Amino acid sequence: MKYLIIALTIIAAIGCKTSTTDLAQNDTQEKVYEVQKSDTQWKAELTPAQYDVLRRAGTERPHTSPLNKQYAAGTLICAACNAPVYDNANKFDSGTGWPSYDQAIEGQVERDVDYKIGYARTELKCNTCGSHLGHEFNDGPSDTTGKRHCINGVALEFIPEGEAIPALNK
């Protein structure tokens with residue numbers, strides 16, 4: 001019986017490994033974004049802090065963004081391409097030190113898997129240019145979505161309600 005359990009465990013492990021490998025191979029196509037630029041172009045257009053976060057998936061220090069306490073009505077756009085990504089009406093104070101939203105503007109933010117710190121997290125990226133915005137967690141307001149979009153303020157620009165959103169930065 002002991003050997004049967006060991007054999008079944010090995011077969012299951014091999015089967016799982018094959019499935020994971022097959023899935024990884026099927027998911028190798030890269031998305032084509034509406035706004036695409038070379039690394040040199042991004043470096044020239046973004047500040048060093050913006051480049052680190054938006055293009056290298058860095059994280060700004062907590063409590064450093066003026067957007068953390070920005071509650072006025074308006075739209076937050078991607079600092080790389082100007083695509084609208086968040087409505088400030090969906091902002092809440094998470095106490096984390098980063099601007100937090102319970103949802104993005106529909107279709108404007110994509111989810112990806114990020115393993116950079118050793119375990120899977122949901123990465124949030126601009127759906128127009130692929131720039132890293134932050135991460136999604138399941139500890140947001142329970143009376144809305146239950147999600148917390150923990151966003152780097154340097155990845156966003158605030159456009160007050162009534163002001164025109166700039167054209168895409170192609």
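A57 sits in the loop that links helix α3 (48–56) to strand β1 (74–78); helices (H or I, at least four residues) and strands (E, at least two) are DSSP runs, numbered from the N terminus. The model is predicted, so local features need pLDDT of at least 70 and side-chain atom pairs count only at pLDDT 80 or more, while totals for chains, interfaces and linings use all residues. Residues are numbered from 1 along each chain as its sequence is written, and side-chain values use heavy atoms, with hydrogens and water left out.

- A57 has a phi near 60°, a positive value in a residue other than glycine.
- With a relative accessible area of 19%, A57 is buried (under 20% relative accessible area; exposed is over 50%, partly exposed in between; 1.4 Å probe, protein chains only).
- H63 is also found in the loop between α3 and β1, and its phi, near 65°, is a positive value in a residue other than glycine.
- H63 counts as exposed, at 59% relative accessibility.

**Antiparallel sheet**

- An open sheet is formed by 6 strands in the order β3-β4-β8-β7-β6-β5, with antiparallel pairing; two strands pair if DSSP finds at least two bridges between them.
- Its edge strands are β3 (91–92) and β5 (109–114), each of which pairs on one side only.

**Pairing of β7 and β8**

- Strand β7 (residues 132–137) pairs with strand β8 (residues 148–151) in the antiparallel sense, over 4 bridges.
- The bridge partner of H135 in β8 is C150.
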